Amino acid sequence: MSTTESPLTASAPATDRAAKETLEDYTLRFAPRGYRRWSPAVVATTALGGIAYLADFSIGAGIGLAHGTGNALIAIAVAAVVIFVTGFPLAYYGARYNIDLDLITRGSGFGYYGSVLTSVIFASFTFIFFALEGSIMAQGLELGLGLPLWLGYLVSTLMVIPLVIYGMKALSKLQVWTTPIWLVLMIAPLVHLVARDPGTVDRFLSYAGTDGDGGVNTASVLLGAGVCLSLIAQIGEQVDYLRFMPPKTPENRRGWWTAVVMAGPGWVVLGALKQAIGVFLAVYILAEVGPDAAPEPIQQFRSAFDAMLPSWVVVPLAVVLVVISQIKINVTNAYSGSLAWTNSFTRVTRHYPGRLVFVLVNLGFALALMEADMFSFLNGILGFYSNCAIAWVVTVATDIGVNKYVLKLSPLRPEFRRGMLHAVNPVGVVAFVAASGISIALYFHALGDTLQPYSPVAAAVIAFVLTPLMAIVTRGRYYLRRPDDGIGEPLLDREGNPSASVLVCHVCHEHYERPDLAACQTHDAVVCSLCLSTDRAGDHVLPARPTDT
């Protein structure tokens, strides 16, 4: 194909910046096979390293102190099952087709511009949890170094910037080398406490909570599960790593599937265990520090280390654990948030400013939340946010599992390129807006106090029902704008992996693999997905064609 210079030159400067892929990390596009040099085990370890956050301990502690251990453990288990089931299809699509969750969402019921809604939801998730982890680190720095909280917030924000700029190459090394240290520091004190005093387990299991009588009740379980389900959007951060999985072949099939399951939906197993440990440690230190400080991980681990180590090493070691955990998760939060913001901004404005700009934007939002002391009203924020997150993830998971594989109304292969998708697909947008809107109304008691605890259930059920219903009503007409991308060469290889064939984009003159390109409307040439996104005049975007899909 010809590589004749396009008359549209506005895209070129933006794509020149994106050419430095070690910095941009394939922000808006398919991750090519030539870049994906890591083994499934390394990708999985990197992805799991990102869930080293200590917020789980605070979340579990908050639920347990309010509702009692029995209700907390059931709530944690219920949320874990929902997160695992909905996370599996998203993890598989990200790893199989090497695209992030925003690109998956575009072709799974939302459309090219419709998924801007969910990108903003996901970006919000990343800075909310960055702020939460930054607050925990600031608490540790205050206890260990006497640093004022406001300065601790600033330190926890600025220290991740050098690491997150370089994307997957730097993050894989950081996560692999720090994970063993983190695991030892987290597990050792718990084992010691139980071995030294088995009675701590009985006190933990019998704790009734400040709002309960020791019994299990549906309202308490659902309120607790709603807080835990705010973490459902974590699968987006897992997919940001899983998109760098190598192709699945007969030789690596077992290792490939193991990595996808463990590092995809499997993250919630470790997350649920951390939440349960958070309840245990909060009950253990409650009498010592009081209910306000018991949910703070720095206090939990300070007391746990104090039971097994000399006093002079307790606080420094607790601070080390907090700092390692905060760095491991907040580089992921900053990284994933920058991807989400960049995706949204570039589609809406058709201008690509570079991912680093949105690293700073995301960190700015997070720092503002920290300075506003979000830690003190954590469960309220998470309970509200979970309604939006549940509606989004359940909608996309249902589109993949039901609309694609059962009803066969949604194209089996995900599509993300401009010109191939309708601007808005009512299937996902209607299901998401209805599910999140109704569940938020329930959460704020609009339909009465009795139904308020059921808001997360409503979000999941409404999204699950409306997504296939809308696909049936629309007969799948709004998924694809045209049935082909104008390139004769197959998109997938013989084993079903994205093709590794390389073509040249005639706008930016860079080499890209086949899945990242589409034919040009005005030239006998191909155009990469980023140049299509930044094409303000639409000169290169293929025209719509009727499709039966």
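A salt bridge here is a side-chain nitrogen of Lys or Arg within 4 Å of a carboxyl oxygen of Asp or Glu. The model is predicted, with local features needing pLDDT of at least 70 and side-chain atom pairs counting only at pLDDT 80 or more, while totals for chains, interfaces and linings use all residues. Residues are numbered from 1 along each chain as its sequence is written, and side-chain values use heavy atoms, with hydrogens and water left out.

Searching the whole structure turns up 14 salt bridges. One of them pairs R203 with D197 at 2.9 Å, N to O. R203 is partly exposed at 45% relative accessible area, and D197 is likewise partly exposed at 25% (buried means under 20%, exposed over 50%, partly exposed in between, with a 1.4 Å probe and protein chains only).

K274 and D56 also meet, at 3.3 Å from N to O. K274 sits in helix 15 (residues 267–289) and D56 in helix 4 (residues 55–67), so this pair ties together parts that are 218 residues apart in sequence. Helices are DSSP runs of H or I with at least four residues, numbered from the N terminus. Both K274 and D56 are buried.

Then there is R417, whose closest approach to E415 is 2.8 Å between N and O. R417 is buried at 1% relative accessible area, and E415 is buried too, at 3%. Shared partners join R413, E415, R417, D485 and R514 into one salt-bridge network.

A cavity is a set of points on a 1 Å grid over the protein atoms alone where a 1.4 Å probe fits but cannot get out, with lining residues having an atom within 4 Å of a point. Seven cavities of 30 Å³ or more are found. The largest has a volume of about 100 Å³, and its lining includes R413, E415 and R417, along with F30, Y97 and F416. By class, that lining has nine nonpolar, no polar and three charged residues.

The second largest cavity, at about 70 Å³, has five nonpolar, four polar and three charged residues in its lining. Helix 6 (101–110), helix 7 (116–145) and helix 17 (311–349) each give two or more residues to this lining, with helix 17 giving the most, four.

Helix 20 (residues 426–443) spans 25 Å from first C-alpha to last over its 18 residues, close to the expected 26 Å (1.5 Å times one less than the number of residues). Its buried residues include V427, F432 and Y443. H445, with a positive phi near 65°, follows helix 20.

Methods:
On a 1 Å grid over the protein atoms alone, a cavity is a set of points where a 1.4 Å probe fits but cannot get out, and a pocket is an open set with protein on both sides within 12 Å along at least five of seven lines; lining residues have an atom within 4 Å of a point. Grid points are joined across faces, edges and corners, and a volume is the space filled by probe spheres set on the points. Ala, Val, Leu, Ile, Met, Phe, Trp, Tyr, Cys and Pro count as nonpolar, Asp, Glu, Lys and Arg as charged, and the others, Gly among them, as polar.
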